[in-house]
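I opened this entry to learn my way around a structure that was new to me. My notes follow in the order in which I looked things up.

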Amino acid sequence: MALPAPALFTPEEYLEFEMKSLEKHELYDGYLIAMAGAQQPHRRIQTNLIVTLGNRFKAKSRECIPYASDTRVYVSHGRYFYPDVTVFCGKAIEDKWDNALNPDVVIEILSDSTASFDKNEKAAAYRQMPGLKQLVLVDSREKHITIYLRNSDGAWVETQYGAATSQISIADEDIAFEEIYESAL
């Protein structure tokens, strides 16, 4: 006997479900994706990024704010994600469902269970967002970071960084590689 196909959610059904749910879910083309708890390296990297970026922005009086993974981002019709870190420079704009519409930078932290989806489907979806300037993929299993930066022509430039890298730039702030991975690996 065949199993029934999973029910697909419309964006409206998803948003109504999500508002009542005790757990977080992402939506990808009608499919709900339950958000699992993160391991210690993932949590540490996320904290390091939020604290480091927040301190840099404050020290330079920049109107940028990093938010943790409770910020749901509207990516495109049928695609809603909770990035691990979302940076807004200027006022964050939200729709009536509290979906963030205008992030400047999105950071996803890769783990065994999320790496493939984050690097492929999610990264491709994020790069379709017209206002997104930078997408950062931080591996929590090894010291490796991929940065996609939108250039002045609107094209995305991908750069890979490994353990030998001394610093990278996120949201126009130079950050030492060790600041990101401190106490994580």
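**Entry 1: Leu8**

I began with Leu8, which counts as partly exposed because its relative accessibility is 48%. My cut-offs were these: buried is under 20% relative accessible area, exposed is over 50%, and partly exposed is in between, with a 1.4 Å probe and protein chains only. Before going on I noted that this is a predicted model, where local features need pLDDT of at least 70, side-chain atom pairs count only at pLDDT 80 or more, and totals for chains, interfaces and linings use all residues. I also noted that residues are numbered from 1 along each chain as its sequence is written, and that side-chain values use heavy atoms, with hydrogens and water left out.

Leu8 sits in the segment before α1 (11-20). Helices (H or I, at least four residues) and strands (E, at least two) are DSSP runs, numbered from the N terminus. I looked up the contacts of Leu8, taking contact as heavy atoms within 4.5 Å. Setting aside residues up to four places away in sequence, Leu8 touches Glu13, Asp29, Gly30 and Tyr31. I then took the C-alpha to C-alpha distance from Leu8 to Ser21: it is 17 Å, for 13 residues of sequence separation.

Gly30 was on the Leu8 list, so I followed it, because Gly30 counts as buried at 7% relative accessibility. Gly30 lies in the loop between β1 and β2. Beyond its neighbours within four places in sequence, Gly30 is in contact with Ala7, Leu8, Phe9 and Gly78. Ala155 is 125 residues away from Gly30 along the chain, and their C-alpha atoms are separated by 28 Å.

How do β1 (residues 25-28) and β2 pair, and over how many bridges? I found the antiparallel sense, over 4 bridges. Strands count as paired if DSSP finds at least two bridges between them. Leu27 has Leu32 of β2 as its bridge partner. The hairpin has 2 residues between the strands, and Asp29 takes a positive phi near 50° there.

**Entry 2: other positive phi values**

Most residues other than glycine have a negative phi. I looked up two more exceptions. Asp98 has a positive phi near 70°. Asp98 is in the loop between β6 and β7, and is partly exposed, with a relative accessible area of 44%. Ala171 also has a positive phi, of about 55°. Ala171 is in the loop between β11 and β12 (173-176). Is Ala171 buried or exposed? Ala171 counts as buried, because its relative accessibility is 7%.

**Entry 3: the cores**

Next I looked up nonpolar cores, meaning sets of buried Ala, Val, Leu, Ile, Met, Phe, Trp, Tyr and Cys residues joined through side-chain atoms within 4.5 Å. The largest has 22 residues, and Leu49, Ile107, Val138, Ile145, Ile170 and Ile180 touch the most other members. Elements giving two or more residues include α2 (40-59), β7 (105-110), β9 (145-150) and α4 (177-181). α2 gives the most, with 4 residues.

I checked Ile145 by itself. Leaving out residues up to four places away in sequence, its contacts include Val136, Val138, Tyr161, Phe177 and Ile180. A second, separate core has 17 residues, among them Phe88, Ala123, Ala125 and Tyr148.

**Entry 4: the pockets**

Last came the pockets. On a 1 Å grid over the protein atoms alone, a pocket is an open set of points where a 1.4 Å probe fits, with protein on both sides within 12 Å along at least five of seven lines; lining residues have an atom within 4 Å of a point. Grid points are joined across faces, edges and corners, and a volume is the space filled by probe spheres set on the points.

The largest pocket holds about 570 Å³ of space. It has 27 lining residues, and Ala36, Gly37, His42, Ser111 and Thr114 are the closest to its centre. α2 supplies the largest share of this lining, 4 residues.

The second largest pocket has a volume of about 250 Å³. Of its 14 lining residues, the closest to its centre are Lys133, Gln134, Leu149, Ala171 and Asp172. β10 (156-161) is one of the elements supplying at least two lining residues, and β10 gives the most, with 3.
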